[in-house]
Amino acid sequence: MDMNEKPKVEEKVENTEETKPELPETKEGRLVKEILGEAPYAEGNVRRERRVEFKVPPERIREFLETAQKKFEMLIQITVVDWLKEGEFEVIYQLWSVSESVHAAVRTRIPREDPRLPTVMDIWPVAETYEREGHEFFGVMYEGNPRLGPFILEPREYEKHPFRKDFNMLGYVKGIYGEDFDRYDESKTNYVI
Amino acid sequence: MADLEVPKELREEAKGHDMYLHPIDKNTYELFFGPQHMATENFSVILKMDGNRIEKAIVNPGFLHRGFEKLAEGRPYFTNIALLLRICVPESDVPENIYSMAVDEIVGWEVPDRAQWIRTTVLEMARMSAWMFWILGFGNEIGLYTAGQWAAAYRERFMRLFEELTGGRVYHIYTVPGGVRRDIPGDKWLRQLRDTVEYLKGKLKDFDEILFDNYITIERTEGVGVMDKKFALRHAVTGPNLRAVGVPYDVRKDDPYYFYPELDFEVPVLKEGDSLARVLVRRYEMEQDLYILEQLLDMGPPSGPYMVQDPRLKALPRFKPPKGDAYAHVESTKGDFGAYVVSDGTHKPYRVHVRGPSQSHGVTVLEELLKGARLADVPVILKTLDNCPPDIDR
């Protein structure tokens with residue numbers, strides 16, 4: 001019986017994936033529907049009250065953000081997440097709509113090998129700061145941003161991209177501080193520094 | 001100033017130290033403002049000066065970078081509280097709360113009412129003590145030292161209350177995912193808090209006379225560092241700085257959390273957008289915060305547990321939330337403070353990204369506002385924007 005039941009559950013999951021989840025009749029649902037009407041290439045859903053999210057292919061992210069800017073006045077943050085196993089960076093543009101009081105996470109995925117995205121500085125000038133940070137910590141190239149370069153870190157740390165998951169923090173610290181740091185053993189993995 | 005010639009020896013010494021004291025062209029020279037200047041706090045601005053006027057300003061952060069976000073990826077969930085709260089020094093409860101809120105959302109915990117009440121009270125107390133800290137800084141920058149000394153003394157009252165509640169004065173390590181670490185010490189503490197609130201309510205009038213209604217403040221701030229509504233929104237300016245240009249955006253109203261939907265308070269808004277408007281918005285908010293604290297005390301802490309009841313909490317170091325991500329934000333005195341936490345199902349967060357409000361108003365906005373300002377206006381603009389360098393560096 002158990003063996004028979006399990007595939008049924010899987011089938012159900014597949015079915016729900018094929019049919020797009022219906023957007024609720026709330027202000028968030030209407031907002032997502034309105035934006036998806038203008039940008040059919042994106043996927044969108046409502047996560048909970050005052051939280052929505054979109055998935056956009058990286059080639060059209062700029063186009064999408066230009067559309068979204070009409071409803072979402074503020075670019076709160078650009079977060080980069082390094083998914084090492086998938087070999088991808090997830091870049092999340094976090095928008096806030098002052099008029100509707102809704103937070104939107106616009107997600108896009110770019111390859112880790114050659115991470116490139118167009119800048120959104122001309123849509124939101126504050127993106128300059130976020131992009132400089134993303135470039136310094138992760139090495140994402142934001143094409144069109146003139147100020148990419150050493151920003152928060154020291155110049156010697158530039159282009160090491162310390163927030164990537166494969167950055168060897170212990171090795172780097174040991175290399176810089178040498179003798180002062182010799183009590184750490186790289187072969188041990190359970191250190192919490 | 002235009003005819004100033006830097007002596008040759010000094011110029012060569014400066015070159016040796018990789019500094020550019022020498023004039024760039026005939027009338028322009030570079031000035032390093034901070035990090036040794038009191039107004040900038042651990043932060044520096046490189047100013048290109050034409051006489052007394054600033055032609056260009058380049059923000060130079062990084063003196064406080066300690067890699068908190070990276071370190072947080074290597075620690076268990078609950079240990080991170082003791083680390084992330086150091087991002088915002090004057091109100092350390094804000095990073096604790098945003099991180100805890102995000103983890104609560106990932107796990108799906110409903111924080112008990114009593115814990116929510118305590119968290120709201122702690123956040124409001126943190127706001128009040130941060131306002132006092134701001135008066136200390138701002139009063140000192142414009143030369144009204146008495147107001148600053150008073151404010152430092154009043155902040156001490158909150159520090160003592162915090163010490164009794166949490167054990168720490170500046171860094172409290174108090175709010176944890178699922179609730180708070182300890183219960184309220186007793187009714188005596190609540191009475192002391194009410195006394196402090198009453199006391200400060202009376203003292204706000206004194207601050208009006210010595211600082212907010214003082215002609216020195218008005219002369220120094222009126223018409224300095226003006227921004228308009230469109231500029232502020234495009235630059236993601238939040239908090240009192242945004243309310244000073246006429247946008248009534250407050251996270252406590254627009255994305256309510258904890259007990260704020262049940263509380264009655266106003267969001268003060270001014271339209272001018274200059275430094276004076278930013279100062280006055282802060283003055284009105286102090287009043288509102290004291291009013292909120294009063295209401296919370298009238299309401300009284302609800303009965304019940306102060307921590308969520310979950311068997312997983314018994315094995316804390318190996319506590320594993322499910323996969324997922326969440327964004328949570330609160331209203332701090334600096335603006336909209338947010339945290340984005342990603343969990344991959346292990347006992348450490350996969351990524352923690354903190355959005356400090358100074359990241360937007362401390363870099364691009366500051367550079368724009370400083371253009372054309374006088375050298376003496378730099379501390380005024382810095383302090384009325386309430387720039388907090390650890391937000392930028394993290």
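Modeller: B:I135 touches B:A147, B:G148, B:A151, B:F207 and B:L211, leaving aside residues up to four places away in sequence; two residues are in contact if their C-beta atoms, placed from the backbone, lie within 7 Å. This is a predicted model, in which local features need pLDDT of at least 70 and side-chain atom pairs count only at pLDDT 80 or more, while totals for chains, interfaces and linings use all residues. Residues are numbered from 1 along each chain as its sequence is written, and chains are lettered from A and ligands numbered from 1 in the order in which they are written.

The pLDDT is the predictor's confidence in each residue, from 0 to 100. Chain B has an average pLDDT of 87, and 94% of its residues score at least 70. For the model, the ipTM is 0.85 and the pTM 0.87.

B:I135 is among the residues with the most contacts inside the largest nonpolar core, together with A:L95, A:V106, B:A102 and B:V341. Such a core is a set of buried Ala, Val, Leu, Ile, Met, Phe, Trp, Tyr and Cys residues joined through C-beta atoms within 7 Å. A residue is buried if 20 or more other C-beta atoms lie within 10 Å of its own, exposed if 12 or fewer, and partly exposed in between. The core has 149 residues, and helix α5 of chain B (residues 113-141) supplies the largest share, 16 residues. Helices (H or I, at least four residues) and strands (E, at least two) are DSSP runs, numbered from the N terminus. In soluble globular proteins, nonpolar side chains tend to be buried together.

Elsewhere in chain B, helix α15 (residues 377-385) has nine of its nine residues buried; among them are B:V378, B:I381 and B:L385, as well as B:D377 and B:K383. Just after this helix, B:D386 adopts a positive phi of about 60°.

Chain B is divided into domain 1 (8-60) and domain 2 (68-356), with bounds that come from an automatic or database domain assignment. Between the C-alpha centres of these two domains of chain B the distance is 35 Å.

Chain B also meets chain A: 29 residues of chain B are in contact with 25 residues of chain A. On the chain B side, two or more residues come from each of α2 (68-72), α9 (229-234), β7 (336-343), β8 (351-355) and α13 (358-361), and β7(B) gives the most, with four. By class, this side has nine nonpolar, 10 polar and 10 charged residues. Here Ala, Val, Leu, Ile, Met, Phe, Trp, Tyr, Cys and Pro count as nonpolar, Asp, Glu, Lys and Arg as charged, and the others, Gly among them, as polar.

Chain A itself contains five helices and seven strands, in the order α-α-β-β-α-β-β-β-β-α-β-α from the N terminus on. Of its 193 residues, 32% count as buried.

Within chain A, strand β2 (residues 51-55) has a covered face, formed by A:V52 and A:F54, and an uncovered one with A:R51, A:E53 and A:K55. Strand β1 (residues 43-48) of chain A runs antiparallel to β2(A), joined by five bridges; two strands pair if DSSP finds at least two bridges between them. A:K55 in β2(A) is the bridge partner of A:E43. The hairpin of these strands has two residues between them, and A:R50 there takes a positive phi near 65°. β2(A) also pairs with strand β5 (residues 102-111) of chain A, in the parallel sense and over five bridges, where A:H103 is the bridge partner of A:R51.

The domain assignment of chain A gives domain 1 (21-158) and domain 2 (163-193), whose C-alpha centres lie 33 Å apart. Four residues of domain 1 of chain A are in contact with four of domain 2 of chain A; the domain 1 side has three nonpolar, no polar and one charged residues.

Finally, A:F137 is found in helix α4 (residues 127-138) of chain A. A:F137 counts as buried because 23 other C-beta atoms lie within 10 Å. A:F137 touches A:H161, A:P162 and A:F163, again leaving aside residues up to four places away in sequence. A:K160 is 23 residues from A:F137 along the chain, and their C-alpha atoms are separated by 7.9 Å.
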